[in-house]
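Visitor: I have a model open and want to learn how to read its features. Can you take me through them one at a time?

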Amino acid sequence: MFLNLLRRRNPEFLEAIATLHRAGSLPANTYPIDLDAVGRNATEYAVATKRLGLQAFAMTKQIGRNPDVSRVLVESGITHAVGVDLQCAIAAASGGLKVGHLGHLVQIPRHEADTAAALEPLYWTVFNETKAREAGAAALRQGRVQDVLLRVVQDGDRFYTGHEGGFPLDGIVAAADTIDGIPGVRFAGITTFPATLFDAEHGAVRATPNRSTLAAAVELLTAAGRTDIQVNAPGTTSVSVLEALAEAGATQVEPGHGLTGTTPAHAFTDLVEEPAIAYVSEVSHLWNDRAYVFGGGLYVDPVLGGVETSAIVVATGGSGHAPARIADLEPLAVEMPAPEAIDYYATIPLNGRTDVNVGDTVIFGFRPQVFVTRASTAAISGIGTDTHKVEGIWAADGSAPLTFPNS
């Protein structure tokens with residue numbers, strides 16, 4: 001459904017993708033990113049969070065930790081990142097973002113605590129006392145004291161399977177006191193995930209029970225004499241929910257898909273953020289009335305359930321030229337790789353069409369999680385002008401892609 005959003009709200013981006021792929025500037029199995037649109041989206045966050053007194057940490061896993069995007073985020077007013085894991089924090093720092101938050105969602109492995117501490121994160125989330133002691137020891141070796149956030153939980157909270165863990169709500173005051181007794185760390189606040197989720201049935205973003213747990217924890221900590229409590233409240237973050245988060249007591253937010261206009265809410269409502277990411281591939285071969293399309297990045301984030309996938313096939317009929325405005329081409333249904341198969345290819349039934357050729361451009365629009373794929377990312381600047389260009393090609397983890405010498 002994000003493909004139709006791109007066709008309607010960012011047709012120039014689709015035009016540029018097709019042009020750059022035909023010219024050989026965008027390889028297949030790449031996520032193009034509209035760099036200027038991301039910059040405008042980030043500015044919207046910077047302005048809104050400043051007005052509301054919120055601190056914004058950018059999540060960059062879903063855009064493959066692209067360093068060109070990190071640079072533009074800083075230029076647009078978002079200076080710090082949240083690392084979903086340590087590698088994400090390292091990539092963000094390498095791209096020019098400071099590390100605002102790490103350890104949440106993925107804790108820091110014991111023997112990597114020194115690397116994490118060297119990044120000098122503003123906040124470090126721990127799920128238990130052992131992890132707090134590891135963080136404290138590593139921080140002391142860096143000659144500093146680390147502010148930590150505690151993941152707080154109570155029965156009824158919602159977590160994705162495999163994401164559970166944290167400090168029970170009824171023991172949160174004692175846990176904060178324990179943290180303050182550990183050398184090298186001090187209690188700074190609380191966190192959860194997700195604090196907000198999209199309700200597809202009602203077409204609206206709603207608070208999860210976890211947000212009530214955060215509020216209850218603040219009450220307990222305040223009653224115990226604690227002040228200046230940081231409340232980190234990530235999940236389905238768009239500019240449209242910031243005011244509600246601030247009113248609920250949040251002090252920190254973590255926009256991710258909001259930066260590319262691909263939260264679930266963006267699929268249903270035109271929000272202020274512009275759609276700014278796609279996936280480009282090409283026809284590898286034709287077989288039994290089907291076009292086989294190169295994969296590698298065909299992971300569709302299932303947050304909206306089992307939605308059908310479609311793609312625009314820029315059929316050139318062998319001429320090498322697009323037949324029409326790209327956004328006007330009718331998308332074709334895609335048969336995605338089976339869950340038990342590696343995504344070497346997706347297949348597109350042609351239903352007798354003969355104008356599709358090997359090498360033709362194929363453009364998808366879905367909600368990605370680039371860091372779990374083997375795709376590339378490429379930020380494109382100058383969309384809508386005659387001077388659009390690819391700023392760089394990067395691997396899915398934000399590193400320089402493998403190249404062969406002198407290739």
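Visitor: Where is Asn 351 found?

Guide: Asn 351 is found in the loop between E17 and E18. Helices (H or I, at least four residues) and strands (E, at least two) are DSSP runs, numbered from the N terminus. This is a predicted model, where local features need pLDDT of at least 70, side-chain atom pairs count only at pLDDT 80 or more, and totals for chains, interfaces and linings use all residues. Residues are numbered from 1 along each chain as its sequence is written, and side-chain values use heavy atoms, with hydrogens and water left out.

Visitor: How do I read backbone phi?

Guide: Most residues other than glycine have a negative phi. Asn 351 has a positive phi, near 50°. Asp 228 also has a positive phi, about 50°, although it is not a glycine. Asp 228 sits in the loop between H9 and strand E11 (230-232).

Visitor: Are Asn 351 and Asp 228 buried or exposed?

Guide: The terms rest on relative accessible area: buried is under 20%, exposed is over 50%, and partly exposed is in between (1.4 Å probe, protein chains only). Asn 351 has 68%, so it is exposed. Asp 228 is exposed too, at 71%.

Visitor: Why does Gly 352 count as exposed?

Guide: Gly 352 counts as exposed because its relative accessibility is 53%. Gly 352 lies in the loop between strand E17 (345-349) and E18. Its C-alpha atom is separated by 49 Å from that of Ile 90, and the two residues are 262 apart along the chain.

Visitor: Which loop holds Gly 318?

Guide: Gly 318 is in the loop between E15 and strand E16 (332-333). Its relative accessibility is 56%, so Gly 318 counts as exposed.

Visitor: What does a buried loop residue look like?

Guide: Take Thr 60, in the loop between strand E2 (55-59) and helix H4 (67-76). Thr 60 counts as buried because its relative accessibility is 1%. Contact means heavy atoms within 4.5 Å. Not counting residues up to four places away in sequence, Thr 60 touches Arg 65, Leu 73, Cys 88 and Leu 97.

Visitor: Which residues of helix H1 (residues 2-9) are buried?

Guide: The buried residues of H1 are Phe 2, Leu 3, Leu 5, Leu 6 and Arg 7.

Visitor: How do I read a helix crossing?

Guide: Axes are lines fitted to C-alpha atoms, for helices over the stretch in contact, and angles run from 0 to 180 degrees between N-to-C directions. Here, helix H8 (residues 172-180) and helix H9 (residues 209-223) have axes that come within 9 Å and cross at roughly 65°. A crossing is left-handed if the near helix is turned anticlockwise from the far one by less than a right angle, and right-handed if clockwise. H8 passes H9 in a right-handed crossing.

Visitor: Which residues meet where H8 contacts H9?

Guide: From H8 come Ile 172, Val 173 and Ala 176; from H9 come Ala 217, Leu 220 and Leu 221. By class, the contact has six nonpolar, no polar and no charged residues. Ala, Val, Leu, Ile, Met, Phe, Trp, Tyr, Cys and Pro count as nonpolar, Asp, Glu, Lys and Arg as charged, and the others, Gly among them, as polar.

Visitor: What about peptide bonds?

Guide: Most peptide bonds are trans. The bond joining Phe 193 and Pro 194 is cis, with omega about 0°. Pro 194 lies in the loop between strand E8 (185-191) and strand E9 (196-199). The bond from His 104 to Leu 105 is also cis, with omega near 25°. Leu 105 is in the loop between strand E4 (98-102) and helix H6 (113-118).

Visitor: How do I tell a pocket from a cavity?

Guide: On a 1 Å grid over the protein atoms alone, a cavity is a set of points where a 1.4 Å probe fits but cannot get out. A pocket is an open set with protein on both sides within 12 Å along at least five of seven lines, and lining residues have an atom within 4 Å of a point. Grid points are joined across faces, edges and corners, and a volume is the space filled by probe spheres set on the points. The largest pocket has a volume of about 720 Å³. Its lining has 32 residues, and Lys 61, Phe 193, Asp 301, Arg 367 and Gln 369 lie nearest its centre.

Visitor: How many cavities of 30 Å³ or more are there?

Guide: There are three. The largest cavity holds about 110 Å³ of space. It is lined by 13 residues, with Met 1, Val 300, Val 307, Phe 366 and Arg 367 nearest its centre.
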